[in-house]
Amino acid sequence: MDDPSDRLINTFGALSQAVSVLFRMAIAEAFNAGGETAAALIAIGHEPGMSIGQIRQILRLSHAGAVRVVERLGDQGLVAKSQSASDRRVVHVTLTSQGQSERTKLLGLRNAVLAEILRNIPAEDRVVLQRVADSILSSLFSDPQRGLATCRLCDRARCDDCPVDRHHP
(Lines give C-alpha, C1' and ligand atoms only; values in the text may rest on other atoms or scores of the structure.)
Protein backbone atom coordinates (compact mmCIF):
# COMPACT_ATOMS: atom_id res chain seq x y z
CA MET A 1 0.00 0.00 0.00
CA ASP A 2 1.24 3.50 -0.81
CA ASP A 3 2.37 5.81 1.97
CA PRO A 4 0.04 8.76 2.59
CA SER A 5 1.14 12.06 1.11
CA ASP A 6 2.68 14.76 3.28
CA ARG A 7 -0.32 16.96 2.51
CA LEU A 8 -2.80 14.30 3.67
CA ILE A 9 -0.82 13.75 6.86
CA ASN A 10 -0.77 17.49 7.55
CA THR A 11 -4.41 18.20 6.68
CA PHE A 12 -5.64 15.13 8.58
CA GLY A 13 -3.71 16.30 11.65
CA ALA A 14 -5.12 19.82 11.33
CA LEU A 15 -8.65 18.47 10.83
CA SER A 16 -8.36 16.24 13.90
CA GLN A 17 -7.20 19.15 16.03
CA ALA A 18 -9.81 21.59 14.70
CA VAL A 19 -12.72 19.22 15.29
CA SER A 20 -11.49 18.40 18.80
CA VAL A 21 -11.10 22.08 19.70
CA LEU A 22 -14.54 23.03 18.37
CA PHE A 23 -16.51 20.45 20.28
CA ARG A 24 -14.44 20.79 23.45
CA MET A 25 -15.07 24.55 23.38
CA ALA A 26 -18.81 24.00 23.04
CA ILE A 27 -18.83 21.58 25.96
CA ALA A 28 -16.61 23.83 28.10
CA GLU A 29 -18.95 26.78 27.58
CA ALA A 30 -21.93 24.75 28.76
CA PHE A 31 -20.22 22.79 31.54
CA ASN A 32 -17.62 24.80 33.37
CA ALA A 33 -16.29 22.16 35.76
CA GLY A 34 -12.74 22.03 34.45
CA GLY A 35 -10.38 19.38 33.20
CA GLU A 36 -11.82 16.07 32.17
CA THR A 37 -14.99 16.40 34.25
CA ALA A 38 -17.35 16.54 31.26
CA ALA A 39 -15.57 13.59 29.65
CA ALA A 40 -15.95 11.67 32.92
CA LEU A 41 -19.66 12.42 33.05
CA ILE A 42 -20.15 11.13 29.51
CA ALA A 43 -17.91 8.07 30.04
CA ILE A 44 -19.65 7.04 33.28
CA GLY A 45 -22.89 6.97 31.31
CA HIS A 46 -21.33 4.44 28.91
CA GLU A 47 -20.81 1.90 31.69
CA PRO A 48 -22.79 2.72 34.83
CA GLY A 49 -21.09 1.38 37.93
CA MET A 50 -17.55 1.69 36.62
CA SER A 51 -14.88 2.01 39.26
CA ILE A 52 -12.73 5.03 39.92
CA GLY A 53 -9.82 2.91 38.64
CA GLN A 54 -11.62 2.43 35.32
CA ILE A 55 -12.39 6.14 35.13
CA ARG A 56 -8.70 6.83 35.77
CA GLN A 57 -7.68 4.60 32.87
CA ILE A 58 -10.26 6.00 30.47
CA LEU A 59 -9.36 9.62 31.22
CA ARG A 60 -5.63 8.87 31.53
CA LEU A 61 -5.45 10.50 34.95
CA SER A 62 -3.67 9.65 38.17
CA HIS A 63 -5.77 7.91 40.81
CA ALA A 64 -5.91 11.16 42.81
CA GLY A 65 -6.97 13.06 39.68
CA ALA A 66 -9.80 10.62 39.00
CA VAL A 67 -10.94 10.86 42.63
CA ARG A 68 -11.03 14.68 42.33
CA VAL A 69 -13.07 14.49 39.10
CA VAL A 70 -15.59 12.13 40.73
CA GLU A 71 -15.74 14.39 43.80
CA ARG A 72 -16.50 17.42 41.58
CA LEU A 73 -19.29 15.49 39.89
CA GLY A 74 -20.59 14.30 43.25
CA ASP A 75 -20.54 17.81 44.70
CA GLN A 76 -22.78 18.90 41.81
CA GLY A 77 -25.18 16.01 42.42
CA LEU A 78 -24.35 14.40 39.08
CA VAL A 79 -22.99 11.05 40.30
CA ALA A 80 -23.53 8.67 43.18
CA LYS A 81 -20.80 6.49 44.64
CA SER A 82 -21.15 3.07 46.20
CA GLN A 83 -18.65 0.72 47.74
CA SER A 84 -18.06 -2.63 46.07
CA ALA A 85 -19.60 -5.56 47.88
CA SER A 86 -16.65 -7.79 46.96
CA ASP A 87 -13.76 -5.35 47.57
CA ARG A 88 -14.22 -2.51 50.04
CA ARG A 89 -11.32 -0.58 48.42
CA VAL A 90 -13.27 -0.23 45.18
CA VAL A 91 -15.81 2.56 44.67
CA HIS A 92 -18.37 2.30 41.88
CA VAL A 93 -19.79 5.43 40.24
CA THR A 94 -23.17 5.87 38.55
CA LEU A 95 -24.99 8.88 37.18
CA THR A 96 -27.87 10.39 39.10
CA SER A 97 -30.96 11.45 37.16
CA GLN A 98 -29.54 14.99 37.16
CA GLY A 99 -26.22 13.59 35.88
CA GLN A 100 -28.01 11.72 33.10
CA SER A 101 -29.82 14.91 32.08
CA GLU A 102 -26.56 16.88 32.03
CA ARG A 103 -24.88 14.11 30.03
CA THR A 104 -27.71 14.16 27.48
CA LYS A 105 -27.34 17.94 27.16
CA LEU A 106 -23.57 17.71 26.65
CA LEU A 107 -23.90 14.98 24.03
CA GLY A 108 -26.50 17.11 22.23
CA LEU A 109 -24.05 20.03 22.13
CA ARG A 110 -21.27 17.79 20.86
CA ASN A 111 -23.51 16.31 18.19
CA ALA A 112 -24.71 19.76 17.08
CA VAL A 113 -21.14 21.02 16.65
CA LEU A 114 -20.10 17.97 14.66
CA ALA A 115 -23.27 18.04 12.53
CA GLU A 116 -22.58 21.68 11.68
CA ILE A 117 -19.07 20.78 10.54
CA LEU A 118 -20.38 17.95 8.36
CA ARG A 119 -23.40 19.85 7.00
CA ASN A 120 -21.37 21.53 4.25
CA ILE A 121 -19.90 18.26 3.00
CA PRO A 122 -21.78 16.73 0.04
CA ALA A 123 -23.77 13.60 0.96
CA GLU A 124 -21.67 11.31 -1.26
CA ASP A 125 -18.49 12.57 0.42
CA ARG A 126 -20.01 11.95 3.87
CA VAL A 127 -20.61 8.32 2.92
CA VAL A 128 -16.94 7.98 1.96
CA LEU A 129 -15.87 9.84 5.12
CA GLN A 130 -17.95 7.45 7.26
CA ARG A 131 -16.29 4.44 5.63
CA VAL A 132 -12.80 5.93 6.05
CA ALA A 133 -13.46 6.93 9.68
CA ASP A 134 -14.75 3.42 10.47
CA SER A 135 -11.69 1.89 8.82
CA ILE A 136 -9.27 4.10 10.74
CA LEU A 137 -11.00 3.63 14.09
CA SER A 138 -11.35 -0.12 13.76
CA SER A 139 -7.62 -0.46 13.06
CA LEU A 140 -6.36 1.61 15.99
CA PHE A 141 -7.19 -0.32 19.14
CA SER A 142 -6.75 -3.88 20.29
CA ASP A 143 -7.35 -3.05 23.96
CA PRO A 144 -10.96 -2.31 25.02
CA GLN A 145 -9.83 0.25 27.65
CA ARG A 146 -7.93 2.26 25.04
CA GLY A 147 -10.98 2.14 22.79
CA LEU A 148 -13.22 3.42 25.57
CA ALA A 149 -10.69 6.18 26.25
CA THR A 150 -11.09 7.27 22.63
CA CYS A 151 -14.87 6.97 22.75
CA ARG A 152 -15.22 8.72 26.12
CA LEU A 153 -16.97 11.68 24.45
CA CYS A 154 -19.00 9.59 22.00
CA ASP A 155 -22.75 9.31 21.88
CA ARG A 156 -22.83 5.53 21.82
CA ALA A 157 -26.59 5.47 21.26
CA ARG A 158 -25.86 6.82 17.76
CA CYS A 159 -23.20 4.26 16.94
CA ASP A 160 -25.00 0.97 16.33
CA ASP A 161 -21.96 -0.85 14.99
CA CYS A 162 -19.10 0.96 16.74
CA PRO A 163 -15.91 0.45 14.73
CA VAL A 164 -13.83 0.52 17.92
CA ASP A 165 -15.95 -2.21 19.53
CA ARG A 166 -15.98 -4.20 16.31
CA HIS A 167 -12.21 -4.58 16.46
CA HIS A 168 -12.15 -6.13 19.91
CA PRO A 169 -12.02 -9.92 20.11
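**Exercises on a predicted model**

Serine 51 is buried, with a relative accessible area of 12%; this value, like those that follow, comes from a predicted model.

**Exercise 1.** Work out why serine 51 counts as buried, and find which residues it contacts once its neighbours within four places in sequence are left aside.

*Solution.* Begin with the cut-off, which is that a residue counts as buried when its relative accessible area is under 20%. Serine 51 has 12%, and therefore it is buried. Finally, with the neighbours within four places in sequence left aside, serine 51 touches Val90, Val91 and His92.

**Exercise 2.** Determine the order of the strands in the sheet, and say which strands lie at its edges.

*Solution.* The three strands form an open sheet in the order β1-β3-β2, and their pairing is antiparallel. The edge strands, each of which pairs on one side only, are β1 (50-51) and β2 (79-83). Five bridges connect β2 with strand β3 (residues 91-95), and alanine 80 stands opposite threonine 94 in β3. Helix α4 packs on this sheet, where it touches β2 and β3, and its direction makes about 120° with that of β2.

**Exercise 3.** Describe how helix α2 is oriented relative to helix α4, and what kinds of residues make their contact.

*Solution.* The axes of α2 (residues 37-46) and α4 (residues 63-75) come within 10 Å and cross at roughly 80°. Because angles of 65 to 115 degrees count as roughly perpendicular, α2 is roughly perpendicular to α4. On the α2 side the contact is made by Thr37, Ala40, Leu41 and Ile44, and on the α4 side by Val69, Arg72 and Leu73. These contact residues divide into five nonpolar, one polar and one charged.

Note on methods. Residues numbered from 1 in each chain as written. Predicted model: local features only at pLDDT ≥ 70, side-chain atom pairs only at ≥ 80, totals over all residues. Heavy atoms only, no water. Axes fitted to C-alpha atoms, helices over the stretch in contact; angles between N-to-C directions. Helix = DSSP H or I, 4+ residues; strand = E, 2+ residues; numbered from the N terminus. Parallel < 35°, antiparallel > 145°, perpendicular 65-115°, else oblique. Contact = heavy atoms within 4.5 Å. Nonpolar A, V, L, I, M, F, W, Y, C, P; charged D, E, K, R; others polar. Pairing = 2+ DSSP bridges. Buried < 20%, exposed > 50% of the residue type's maximum accessible area, 1.4 Å probe, protein only.
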